[in-house]
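Thanks for coming. I have one structure to go through today, and I will keep it short.

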Amino acid sequence: MQPAPASSRARRVARRTRESCAAVLANTLCSLLLALLLVAGVALFVVWLSLRPHRPRFNLAAFSIAPGGQQVAFNISDRNPNHHIGIYYDATQASVHFYDALVASGPAFSSSWYQPNMTTIFIAGRLDVVGPRTTDASWPSFDAALHSGRLPLRLQLTTAIRFRLSAFHSGRQRMHVNCDVLLSADGNLLPESVGAACDRYF
Ligand SMILES: *[C@@H]1O[C@H](CO)[C@@H](O)[C@H](O)[C@H]1NC(C)=O
Ligand SMILES: *[C@@H]1O[C@H](CO)[C@@H](O)[C@H](O)[C@H]1NC(C)=O
């Protein structure tokens, strides 16, 4: 093989040097870009952790069947645990069930309302009793449970909530709050039900 002329060898060396320089530069840029992305990701994650909305917490404060059995009275505490986020609620409906049988229902809040950050409010009201009637299939077990001094009822609130962070609003999400209620034979809450946490479904 003929040795390549010196000039062409120099050109080749120059080209290779340029190519490897470009590769090193691209590598460095890529590494920088990745590091920047990583830092931005971590920063976003930290911001999200501190601002992420927590759902409101509900506890049963009071519940009773009024003497005469025509109405039930309920009182639920509602805590917004967010330091900076307020919560909008749509009109809120309440109902009381004995297993599948409807006992009472009605509005808990007939219009929408706003709960500021870090506040607790009480949702209280009275509902007209509609069942079970003495002729209903569920009556014997309802009557037996009431007379045994341990009547299990489920108080349900139905609404939709939106979170607010200064001028920003989240989308609406439907929410059901279920509180387990245990009543004594005189229609008052058993001590174990007082303050019990309610479940939330979205
Ligand atoms: C509610 O949020 C506002 C705005 O972020 C804040 O200035 C205020 O201190 C908060 N209130 C409470 C009780 O944390
Ligand atoms: C609901 O319970 C709270 C705490 O016990 C009480 O301060 C409030 O007055 C009650 N609301 C009604 C309407 O009974």
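This is a predicted model: local features need pLDDT of at least 70, side-chain atom pairs count only at pLDDT 80 or more; totals for chains, interfaces and linings use all residues.

Start with the hairpin. Strand β1 covers residues 57–65 and strand β2 covers residues 71–79; the two pair in the antiparallel sense, with eight bridges. For one specific pairing, look at Asn59, whose bridge partner in β2 is Ser77. Five residues separate the strands in the hairpin. In that turn, Gly68 has a positive phi of about 100 degrees.

Next, ligand 2. Which residues surround ligand 2? They are Asn75, Phe122 and Ala124. From the side chain of Asn75, an N or O atom sits 2.4 Å from an oxygen atom of the ligand. On its own, ligand 2 has 360 Å² of accessible area, and the protein covers 33% of that.

Last, Ser95, which is in strand β4, residues 92–98. Is Ser95 buried or exposed? Its relative accessibility is 11%, and the cut-off for buried is under 20%, so Ser95 counts as buried. The side chain of Ser95 makes a polar contact of 3.2 Å with the side chain of His97. In a regular strand, side chains alternate between the two faces of the sheet.

What is Ser95 in contact with, once neighbours within four places in sequence are set aside? The list is Leu102, Ala104 and Ser105, then Leu127, and finally Arg154, Leu155 and Gln156.

That is what I have on this one.

Technical notes: Residues are numbered from 1 along each chain as its sequence is written. Chains are lettered from A and ligands numbered from 1 in the order in which they are written. Side-chain values use heavy atoms; hydrogens and water are left out. Helices (H or I, at least four residues) and strands (E, at least two) are DSSP runs, numbered from the N terminus. Buried means under 20% relative accessible area, exposed over 50%, partly exposed in between (1.4 Å probe, protein chains only). A polar contact is a pair of N or O atoms within 3.5 Å; within protein, one must be able to donate a hydrogen and the other to accept it, and residues adjacent in sequence count only if both atoms are side-chain atoms. Contact means heavy atoms within 4.5 Å. A residue is near a molecule or strand if one of its heavy atoms lies within 4 Å of it. Accessible areas come from the Shrake-Rupley method with a 1.4 Å probe; for residues, only the protein chains shown count as cover. Two strands pair if DSSP finds at least two bridges between them.
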